[in-house]
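Welcome, and thanks for taking a look at this one. Please have the model open beside you while you read, so that you can turn to each residue as it comes up.

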Amino acid sequence: MTLPVAPLVRPSDLHDQANGMLEPHLLTAVEGDTMHHLAAQSWRAMQAAAGRDGVRLAVGADAYRPLAAQ
């Protein structure tokens, strides 16, 4: 079986950024972890929608790790 593969679409503010070396202004703190600001916005929306359905979502692992921590 062949599954469809969607192309990778990176936010425009990541085009000049290397994995693990994002500039701090692109990151947002979420539950003691760090995420790209757009991912954090989507995470919070998903978490709120789940909460309305009685489901609690938590960041379960490192959301973003700088290269030095990998």
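## A short tour of the model

His36 touches Pro11, Asp13, Leu14, Leu26 and Leu27, leaving out residues up to four places away in sequence. Keep in mind that this is a predicted model. His36 itself belongs to strand β2, and with a relative accessible area of 10% it is buried, since buried means under 20%.

Leu27 sits in strand β1. Beyond its neighbours within four places in sequence, Leu27 is in contact with Leu22, Thr34, Met35, His36, His37 and Tyr64.

Between β1 and β2 runs a loop, and Glu31 lies in it. The backbone of Glu31 deserves a glance: its phi is near 50°, a positive value in a residue other than glycine. For context, most residues other than glycine have a negative phi. Glu31 has 43% relative accessibility and counts as partly exposed.

### The helix

Now follow the chain into helix α1, which covers residues 37-52. How far apart are the end C-alpha atoms of helix α1? They are 23 Å apart, which agrees with the 22 Å that 16 residues should span at 1.5 Å a residue.

Which residues of α1 are buried? They are Ala40, Trp43 and Ala50. These residues cover an arc of only 90° around the axis, so they are on the same side of α1. As a reminder, an α-helix has 3.6 residues a turn, so residues three or four places apart point the same way. The cover over the buried residues of α1 includes β1 (27-30) and β2. Turn to the other side of α1 and you will find Gln41 and Arg52, which are exposed.

Arg44 is also found in helix α1. At 42% relative accessibility, Arg44 counts as partly exposed. Setting aside residues up to four places away in sequence, Arg44 touches Thr28, Ala29 and Val30. Just after α1 comes Gly54, with a positive phi of about 85°.

Gly20 is in the segment before β1. Is Gly20 buried or exposed? Its relative accessible area is 5%, so Gly20 is buried. Apart from neighbours within four places in sequence, Gly20 is in contact with Tyr64, Arg65, Pro66, Leu67 and Gln70.

Ala68 is found in the segment after α1. With 81% relative accessibility, Ala68 counts as exposed.

Here are some C-alpha distances for pairs of residues, should you like to check them on screen.

| Pair | Separation along the chain | C-alpha to C-alpha |
|---|---|---|
| Gly20 and Gln70 | 50 residues | 8.0 Å |
| Arg44 and Leu57 | 13 residues | 9.6 Å |
| Ala68 and Met46 | 22 residues | 29 Å |

### The largest pocket

Last, have a look at the largest pocket, which holds about 230 Å³ of space. Of the 16 residues that line the largest pocket, the closest to its centre are Asn19, Leu22, Ala63, Tyr64 and Arg65.

Which element gives the most to the lining of the largest pocket? Strand β2, residues 33-36, does, with 3 residues. By type, the lining of the largest pocket divides into 7 nonpolar, 6 polar and 3 charged residues.

Notes
Residues numbered from 1 in each chain as written. Predicted model: local features only at pLDDT ≥ 70, side-chain atom pairs only at ≥ 80, totals over all residues. Heavy atoms only, no water. 1 Å grid on protein atoms, 1.4 Å probe; cavity = no way out; pocket = protein on both sides within 12 Å on 5 of 7 lines; lining within 4 Å. Points joined across faces, edges and corners; volume = space filled by probe spheres on them. Helix = DSSP H or I, 4+ residues; strand = E, 2+ residues; numbered from the N terminus. Nonpolar A, V, L, I, M, F, W, Y, C, P; charged D, E, K, R; others polar. Expected span 1.5 Å × (residues − 1). Buried < 20%, exposed > 50% of the residue type's maximum accessible area, 1.4 Å probe, protein only. Arc of directions from axis to C-beta. Contact = heavy atoms within 4.5 Å.
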